[in-house]
Amino acid sequence: MPLYKSLTVNNNTKVLIWKIDESFNELNKNVLLTPKSRTRLESMKSDLHQKGFLSVRHLLKEVGYTDEDLMYDEFGKPHLKDGKYISITHSFTFSGLIISDKLHVGIDIEMQRDKILKIAHKFTPIEEYKTIANHDALVSKLTIVWGAKESLYKIYGKKKLLFLHNIYIEDFKFEDQKTTGAIRYDGEEFSYNIEFLEFDGFTCVFAY
């Protein structure tokens, strides 16, 4: 299908989400890949990962870019050749990107799963959420917190941060669909806006 959601965050920042229900062959049409990207695609053993990779290239087309405009640094963080800021995500049947002219950005899409309860202690002080009695609400909240931390981790982009100790997410109400977060590392602190939305059993969180 074409674009699933398009959100205008502000005058120079956009979020695009793709729902992957096409076959590999359908997604592989009308997408021009660099030799390096084609090799990377062919090395992927999972059909899910291949389709996620290709759907991101379709999202790039939606904002006027090609695969050739995208490059990755030594930490695996994506960059655009024209200097605009970009972040990319893929989870099962959804992929997404956020692009901004002026702001550092990060995005994450996660499937809402009970598994998050088992790993929660690794990325957040779980006692903060003990008051949430409803199981589904707890899964939902923890998934948002994880997605927010993942988004900030992507913004920082250097693989040194610890989710539990260096990335902080301000508590929030579901209905607000937004909060704030901060990266605190090496004596410095950087604050960001965070927004989130839920759809089809998935959570999308983005930071800027």
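Which residues does Phe123 touch, not counting residues up to four places away in sequence? That is for the first view; a note on the model comes before it. This is a predicted model, with local features needing pLDDT of at least 70 and side-chain atom pairs counting only at pLDDT 80 or more, while totals for chains, interfaces and linings use all residues. Residues are numbered from 1 along each chain as its sequence is written, and side-chain values use heavy atoms, leaving out hydrogens and water.

**View A. Phe123 and its contacts.** Leaving out residues up to four places away in sequence, Phe123 touches Ile116, Leu142, Val145, Trp146, Lys149, Phe163 and Leu164 (contact: heavy atoms within 4.5 Å).

**View B. The largest nonpolar core.** Phe123 turns up again here: with Leu142, Leu152, Ile169 and Ile194, it touches the most other members of this 26-residue set. A core joins buried Ala, Val, Leu, Ile, Met, Phe, Trp, Tyr and Cys residues through side-chain atoms within 4.5 Å, buried being under 20% relative accessible area with a 1.4 Å probe, protein chains only. Helix 5 (135–156) is among the elements supplying at least two residues each, and its 10 are the largest share. Helices are DSSP runs (H or I, at least four residues), as are strands (E, at least two), numbered from the N terminus.

**View D. Strands 5 and 6.** Seven bridges join strand 5 to strand 6 (residues 94–100) in the antiparallel sense. Ser91 has Phe94 as its bridge partner in strand 6.

Technical notes: Pairing = 2+ DSSP bridges. Buried < 20%, exposed > 50% of the residue type's maximum accessible area, 1.4 Å probe, protein only.
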